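Please consult the sequence and structure shown here alongside the text.

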Amino acid sequence: MGRIRVITRLVARDLRRRRGEAVLMLITIMAASTTLTLGLILHGVTSQPYAQTRAATRGPDVVANVFPTGPGTGKGPTESNGVSARQLAALTTLDHAPGVTGHSGPYPVTWALLRAHGTTATAEVEGRDAAAASLDQPKLTQGSWVHPGEVVVERSFADALGIGAGDRMTLNGRSFRVAGVAVTAAFVPYPNVCFTGCIIKANETTTQPGLVWVTGATAHSLATTGGPLTYFLNLKLAHPGRADAFANANTTPSASAPFLTGWQDISQQDGNVVRNEELVMMVASWLLCLLAVASVAVLVAGRVADQIRRVGLLKAVGATPALVAAVFLAEYLVLALVAAAAGLIAGRLVAPLLTSPGAGLLGIAGAPPMSLSTVIVVACVALAVAAVATLLPAVRAARTSTVPALADAARPPRRHGWLVAISARLPVPLLLALRLAGRRPRRVLLSVFSVAVTVSGIVAVLIVHAHDDRRFGAASPLADPRIVRLNQVMTVFTVALVALAAVNALLITWAMVVDARRSSAVARALGATPGQVSAGLSGAQVLPALIGALLGIPGGFGLVSAIRHSAGSVITTPPIWWLAAVVLGTVVVVAALTAVPARIGARRSVAVVLQTD
Amino acid sequence: MRAILGRLEGRKVSETGSTAILRARELRKNYGKDDGLVRAVDGVDLEVAPGETVAVMGPSGCGKSTLLHLLGGLERPTAGEIWLAGRRTDQLGERSLAAMRRDGVGFVFQAFHLLDELTAVENVELPALLAGSSARGARRRAVDLLERIGLADRASYQPAALSGGQRQRVAIARALANEPLVVLADEPTGNLDSAATLDVLRLFDSLREAGQTLVVVTHDTRIAATADRMISMRDGAFVEETRLTGGTTGHLAALAGLDG
């Protein structure tokens, strides 16, 4: 009990004495905990919005459709009804298939050129009855259901177009009033409507099609040579859980045969909107955790170096090496636990902003649930960050001999003969920078690592941007909700990453300034100007930053490669000047960030430093 | 060291009409204010002639080290004037002060203040590198200085592998790297045993013979006995000045009882 009391007392006193550093450490670990919490909360919530939409719209278990296979598919002139009677018969016989307990449709579907608010887009137009269907009745979120001369627009498509109930639009040049806005579980929301199959009218628009409901008669009348009529049938099964198996069993490898899609596939495609965010948040949280390790390691090493005499005093009054290590470890583990708790709360508060599933789904109300496993994982990661960063300095402090510790003797710096020889041939600021950097190679490695992690994240974001620009084209008049949401998440992630890296750069520079105060003072006593010393201290950070930035470029490609590999897509290389700007910008930012602490360090009184050391 | 003498020959009389290489007038340095005011240096007047060795003595805390820091431009005076080689230095900016320390002054500290990660020769060549000398020229000069102080065989040793006396001799060689006008030594033997003290005293004596201007702050009478002039300091002010004949190393060793 006595030891625990001593440890508690020492930890409490030290935390109170160094509040600024404690707060900095809290913020660092909290940033990582928050993103980790968000990543974990997002994981698993992807299916919930679809389930709610499915329940609210009496969503089908299987959606079946047929497409025209004749000249109507664009290979030549054809009649407006592109689906043959035999195809339609094959589709309608599915409602008698074993295991089917109900159906709605078949509904006529065609494709039309839509114009609204000056924007041109392609619409997949489904003809529906004015009466409510027993299966797949889209849930209105605005206005009323379709009547002749009116349309209802799928919600995410309406959001992208910027239209709502009461507005007007044209389909193939015919004017319609927007009666309402609705969601459905039978189609994947804009811009993924084509998941269940569609015919895009080439060369007329650069956008992905969105879903519009009209009356059956209107759908028939809108069908044209370029947009032939097809049919969609909704099926209800006795065993909804076997929908995928039913779809597979009833789909034949023929272009004219009905194509069936189970609700599980639609649900999974729906979840992609949030799934990309989830992936980004998970990657972001791990990158931030790595940065947090670097930050905390620098903080702890700096504090331990500053507390050598305290270690000596503790040992002189009988503290064992284990007790000394325990004091250091306990202090940082307590901070890590507090930071984890704060991160969990912050993550829980922010999560609803990111987990709202998009306009195409009804979504879940309020904050998503936080599981016990999330709490445990976040707490463990925060503790691991603190433990990994603290272990080496704590053990080193514990092993410090009592007499040198009482004399407050700093750990002797490393010597690298080759570095000294090379630096002798360089201008004074570079000479000082190389020699200062060479004194503490571990700190330089942390600096390189920190910048490399940050630049990897930034390059990954640039690659994603370049990929999306190329995929969807800058000319697209409609905003892709997936890209908009992903960009928001990536912006938050980039800001967090850059902020933490900036804190790291400042911490590392300050640690170097403190560590090099005597050698800086000696250099000044021997004739180095404050500007040269300041440039040297700053340069000692800029050189690792340059290496880190260069390493971050392949790091970013590696990161995206790993993510894209799991997503099964290819990597788009951003323009070279983007990457060059990142490297140059990193070096400039690090130079600017380190200039202030370096300048403060270089202007300390030489006489005072040399007399006190 | 002959080069030092060469540089001093033909030195012009300063603007103040003095031939002193180093001159201070009404020099003051205060710390704190009101009730906490400490007059570390209180109205000191000093003139050091070229090639002269001046010893400043006094008890701990009398302001000796502060005076040395003021003369060398490591601290700025509260009031008064400092002139080095006819140029007023107390009003110089940081860059000019740094240039003055680089080219005009060599410091020797009680705690040596050698950089632990550098070898003896690398420590000695550092001031020349900071002054913009070529790497080869700086190394040649450093090796030459180490030979003169008898430590050529320790050139590649790091400070931790050297004895206290050897470290201080390396520090003195470093102070001479840029052929300074004045060497300012702050308790140079304060951390040394008797034998090492004798080594350093011999080195200072050879410097004096070579015409190097020296200002040594000490509370050790044996060191002061090597000087041309001994100034006693108390409470920040000079209280007594004694002109000495200046001792040879042998004379000094006999005086100090260290040659046996």
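The points below concern a chain interface, a helix and a sheet.

This is a predicted model, in which local features need pLDDT of at least 70, side-chain atom pairs count only at pLDDT 80 or more, and totals for chains, interfaces and linings use all residues. Residues are numbered from 1 along each chain as its sequence is written, while chains are lettered from A and ligands numbered from 1 in the order in which they are written.

**Interface of chains A and B**
- Contact (C-beta atoms, placed from the backbone, within 7 Å) links 25 residues of chain A with 26 residues of chain B.
- On the side of chain A that touches chain B, at least two residues each come from α14 (428-439), α17 (517-525), α18 (530-567) and α20 (606-612) of chain A.
- The most is given by α17(A), with 5 residues.
- The residues on this side of chain A comprise 15 nonpolar, 5 polar and 5 charged.

**Helix α7 of chain A**
- A:Ala243, A:Phe246 and A:Ala247 are buried (20 or more other C-beta atoms within 10 Å of their own) in α7 (residues 243-250).
- These residues lie on the same side of α7(A), because they cover an arc of only 100° around the axis.

**Sheet of chain B**
- Four strands form an open sheet in the order β2-β1-β4-β5 (chain B), with antiparallel pairing (pairing requires at least two DSSP bridges between two strands).
- β2 (38-48) and β5 (87-88) of chain B stand at the edges, each with a single partner strand, so one side of each lacks a neighbour in the sheet.
- Strand β1 (residues 22-31) of chain B is joined to β2(B) by 8 bridges, and the two run antiparallel.
- Opposite B:Ala24 stands B:Leu46 in β2(B).

Key. Buried ≥ 20, exposed ≤ 12 C-beta atoms within 10 Å, placed from the backbone. Arc of directions from axis to C-beta. Contact = placed C-beta atoms within 7 Å. Nonpolar A, V, L, I, M, F, W, Y, C, P; charged D, E, K, R; others polar.
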